[in-house]
Amino acid sequence: MPSNGSVSDAPITQFINCRILKEHTLQREDLWVRDGRILDPEKLFFDEQGYADRQLDCGGAILAPGFIDVQLNGGYGVDFSTPSEDPGAGVAFVAKKILEHGVTSFCPTLVTSPPSVYHKVLPEVKVQSGGVHGAGVLGVHLEGPFISLEKKGAHPEQFLRTFGGSGGVNPLLEVYGGLDNVSMVTLAPELAGSQSVVEELSQRGVTVSLGHSVANLSQAEEAVQQGASFITHLFNAMLPFHHRDPGIVGLLTSNRIPAGRSVFYGMIADGIHTNPAALRIAHRAHPAGLVLVTDAIMAMGLPPGRHTLGQQVIEIQGLHAYVAGCSVPEALEAASLHPAQLLGISHQKGSLEYGCDADLVLMDDQMVLEATYISGVEVWRK
Amino acid sequence: MRLVILEDYDLASEWAAKYIRNRIITFRPTAQRYFTLGLPTGLPRAHPESYHSYMWNNFFKHVDIDPANAHILDGNAQDLEAECAVFEKDIADAGGIDLFVGGIGPDGHIAFNEPGSSLVSRTRVKTLAKDTIVANARFFGHDLSKVPTMALTVGVGTVMDSREVMIVITGAHKAFALYKAIEDGVNHMWTVSAFQQHPRTIFVCDEDATLELRVKTVKYFKGLMHVHNKLVDPVLTMKNDLS
């Protein structure tokens, strides 16, 4: 039956026989998509007297928003921080591969590098929508170089920097070459001069994340008050929780977070970076802030192919649900809704509300992926 | 009349659903000959608890009905009288209602035909009785001030014109209304009683709804259940019909 064209001629797809993630639970509902967005079927029925052009039987599968990975350094032999002939092509290659693991949007991440690398790579990595060509690029995540020497982790020491005395984002513009297409910056707030940086970055719409830092709790709280809203891989590369000074970890239960704002925290839930018991403590303390990230790199001691980034996402999903003892909807939200909220795009991504982009994943009860959709178009199937 | 008594709400609902299913199947509707189902009207559109939402979530989204074939009285229409007149005409154009399914209020009203409504009334605007407003408060967070006070409704006469009427009544709070509807006289204070004068009426209720009836009435109709249950035996679906 052709759809009634009173509002739009675009074809309408109805996903049937599925359980969708809505209102924090899995509900037995159909999902309607038109023009790459999720459609309100009630309005369609009564206002337009319209109906679906085609129905897609999901076979009882779970239908959830596509995953959003805000910390992804590369994969499949590509390292975003190592400039190649064509950095854009490297990003595109990874963007295509991660579709197999349900990631529909991501932030290519660059670790601490010399300015020459940033100047070469950043102009080639642009914000763009996803599609059959690959997951959408939401913007670059710059992890460093304004981080703590003591907590550099795997970052190269010789390229760490401080803010200098001038204040504002000028030191960043110098190092990075510009802030276009940058969606997030990880920095250490205890570095002198960080307040004005945090404030100005936040005003520019760049998400500020605290990480690779030896900040104490009040330094971290001040940074949050200036606008910081994320913690890069909680527990790793920061001072451990101490009962008299919880450090950055204490932000999860701090009472000095400005009203109406929330602090999100990234977790690499592979069971290796964080002991599952610690993951559970964080989750129970602040479940709404949990953001699953892969922090996957080109070569993490894992052979390329199914064992790299992609496999980790799957493991993370399954492992998280098992390890944290949280429910399937909570795990799914940690990989979709929460990162979208963190980046301030939850009206468009990370959710199956009417009007949101139809970036979807189909999975079975073991959370094994069956298909990935971007803007309502199938971009990968098992 | 037929009075079908089931043990509880769930069984009564199931019986009613099967009956409707069977009626539709045996009617063998086609693209040229529709089965027209009538349902009581409800609250204005604008509110989240609107009847449109209610009908969508509880009925339309579960079936593949063409939206053009779903006619709901629009309480937000510019000209309410015209809206009512068009509705009556739509029913006539569709060939009349084959089966009207409704419930009754604790004050014995059918649709929003409150006590005192004419038994030959047509589709029109009605001011709701206090009882009805209180009963609807559950849809508005129990805040009486938020419940609409006016509604469009099909008339008693409109329902009487249907070829068959099914009234579903469950719960002890409806028991007195059921008594007034079937064991007392035809009276405009209990508008459901009008169906005593309809050739094909079926009342489906649970045990609690029979609490105010005479034991004799209840026993008589319970004794007929073996006949009634034949009405809900599965029939061949239309898909199996090759003719």
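Which residues are linked with Arg37(A) in a network of salt bridges? I looked this up before anything else. The network joins Arg37(A), Lys349(A), Asp357(A) and Asp359(A). I note here that the model is predicted.

**Salt bridges, overall**

I searched the whole structure and got 20 salt bridges over all chains. I then went through some of them one by one.

**The contact of chains A and B**

I listed the residues in contact: chain A gives 10 residues and chain B gives 12. The area buried between the two chains comes to about 1,100 Å². Of this, 63% is on carbon and sulfur atoms. I counted 3 residue pairs in polar contact between chain B and chain A, with both residues at pLDDT 80 or more.

How many salt bridges cross the interface of chain B and chain A? I find 1 by the rule. The partners are Glu29(A) and Lys61(B), with their closest N and O atoms 2.8 Å apart. Glu29(A) sits in the loop between strand 3 (25-28) and strand 4 (31-34) of chain A, and Lys61(B) in the loop between helix 2 and helix 3 of chain B, so this pair joins two chains. I also checked the accessibility of Glu29(A): the relative value is 21%, which makes Glu29(A) partly exposed.

**A pair within chain A**

I turned to Arg34(A) and Glu48(A), whose side chains form a salt bridge at 2.9 Å, N to O. Arg34(A) belongs to strand 4 of chain A, while Glu48(A) is in the loop between helix 1 (41-47) and strand 6 (54-57), so the bridge ties together parts 14 residues apart in sequence. Are these two residues buried or exposed? Both Arg34(A) and Glu48(A) are buried.

**A pair within chain B**

Next I looked up Arg23(B), which has a salt bridge to Glu164(B) with the closest N and O atoms 2.6 Å apart. The pair links distant parts of the chain, 141 residues apart. Arg23(B) is in helix 1 (residues 9-27), and Glu164(B) is in the loop between helix 5 (156-160) and strand 6 (165-169).

**The loop between helix 2 and helix 3 of chain B**

I returned to this loop for two further residues. Val63(B) lies there, between helix 2 (51-58) and helix 3 (80-93). Its relative accessibility is 39%, so Val63(B) counts as partly exposed.

I read 48% relative accessibility for Asp79(B), which puts Asp79(B) among the partly exposed residues. A polar atom of the Asp79(B) side chain lies 3.2 Å from the backbone nitrogen of Ala82(B). I also took the C-alpha separation of Asp79(B) and Lys230(B): 46 Å, for residues 151 apart along the chain.

**A serine in chain A**

The last entry is Ser254(A), found in the loop between strand 16 (230-231) and strand 17 (264-267) of chain A. Ser254(A) is buried, at 14% relative accessible area. A polar atom of the Ser254(A) side chain is 2.9 Å from the backbone nitrogen of Arg256(A).

Conventions
Residues are numbered from 1 along each chain as its sequence is written. Chains are lettered from A and ligands numbered from 1 in the order in which they are written. This is a predicted model: local features need pLDDT of at least 70, side-chain atom pairs count only at pLDDT 80 or more; totals for chains, interfaces and linings use all residues. Side-chain values use heavy atoms; hydrogens and water are left out. Helices (H or I, at least four residues) and strands (E, at least two) are DSSP runs, numbered from the N terminus. Buried means under 20% relative accessible area, exposed over 50%, partly exposed in between (1.4 Å probe, protein chains only). Contact means heavy atoms within 4.5 Å. Buried area is the accessible area (1.4 Å probe) that two parts lose on being put together, summed over both. A salt bridge is a side-chain nitrogen of Lys or Arg within 4 Å of a carboxyl oxygen of Asp or Glu. A polar contact is a pair of N or O atoms within 3.5 Å; within protein, one must be able to donate a hydrogen and the other to accept it, and residues adjacent in sequence count only if both atoms are side-chain atoms.
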